[in-house]
Amino acid sequence: MSIFPRMSLRLEVENYLKEGFMNKEVVLAFGKQEAERKFENLLNHLSHPPSFTTVRVNTHLASVQHVKNLLLDELQKQFNGLSVPVLQHPDLQDVLLIPVIGPRKNIKKQQCEAIVGAHCGNAVLRGAHVYVPGIVSASKFMKAGDVVSVYSDIKGKCKKGAKEFDGTKVFLGNGISELSRKEIFSGPPELKGIGIRMTEPLYLSPSFDNVLPSYLFLQNLPSAAVAHILDPQPGEKILDLCAAPGGKTTHIAALMHDEESLRSYQNLLTEFFWMHPAVEWDRDQTWLVLGL
């Protein structure tokens, strides 16, 4: 079910992707017309959240089954007793999959509205709450404790601080405002906490904000597959030149059983040291020291 507009790309970008997707093998297997239909279907899917949230287990601290049980308990608390399965990936044994439920029907839209930027909207679709910096607009009467309908400004046309917005927007669900409109737009610039706590998201996806941080690493499936495809072995020397925030780096180290034969670098110094809390750095030697 498509509820969001088809992903819009610059023409040269779309043509480049289409050329790569509709290669000789695909056209030969499906025919040109069916291949074009599949490409359009792909763009439609890319404008929606994935079917599963994926997390990687820190197998240094616990078994996958133990962490799976802990995660099931956490999800029960988050979803108020709703039973949501946690599945182990059939091929990537240290990866757990949580089905995303949605789009959910019968969510009543509220008179009080908040508009968020597209990046914030994407995060909400993946299970995040709305943080203050992501709020672009709010109804003039919004106060703390109000039930608010949250929309994403997918074209970036809403002006910061606007009291209403009639442009293109997509509904993300309802939440409870933690702050008033005045506090959001007239408060101190360093205000960065939760502005709206999502209670009825359109897509029910778990939040991993401080959820089992030592045991789990929130990681998209393609990223989690990289280290397994690399298949690092103890004794090998590996150089990771794109290492922030450290997901693939720590995964490679885990598969190598923490042998000190992995170096990681990042272009920007500020990102170089912004790694997952499970990682510590020897800043003189730039060797990875695992605090797992």
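This is a predicted model: local features need pLDDT of at least 70, side-chain atom pairs count only at pLDDT 80 or more; totals for chains, interfaces and linings use all residues.
Local features need pLDDT of at least 70 and side-chain atom pairs pLDDT 80 or more, while totals for chains, interfaces and linings use all residues. Residues are numbered from 1 along each chain as its sequence is written, and side-chain values use heavy atoms, with hydrogens and water left out.

**View 1. A salt bridge joins E34 and R37.** A salt bridge here is a side-chain nitrogen of Lys or Arg within 4 Å of a carboxyl oxygen of Asp or Glu. By this rule there are six salt bridges. In this pair, the closest N and O atoms are 2.7 Å apart. E34 and R37 sit three residues apart in helix 3 (residues 32-46), separated by about one helical turn. Helices (H or I, at least four residues) and strands (E, at least two) are DSSP runs, numbered from the N terminus. E34 is partly exposed at 27% relative accessibility. R37 is partly exposed too, at 46%. Buried means under 20% relative accessible area, exposed over 50%, and partly exposed in between (1.4 Å probe, protein chains only). A network of salt bridges links E34, R37 and K38.

**View 2. E113 pairs with K169 in a salt bridge.** Their closest N and O atoms lie 2.9 Å apart. E113 belongs to strand 4 (residues 113-117), and K169 to the loop between strand 7 (147-153) and strand 8 (170-177), so the pair ties together parts 56 residues apart in sequence. E113 is partly exposed, at 23%. K169 is partly exposed, at 27%.

**View 3. R197 forms a salt bridge with E178.** Here the closest N and O atoms are 3.3 Å apart. The pair links distant parts of the chain, 19 residues apart: R197 in strand 9 (residues 194-201) and E178 in the loop between strand 8 and helix 6 (181-186).
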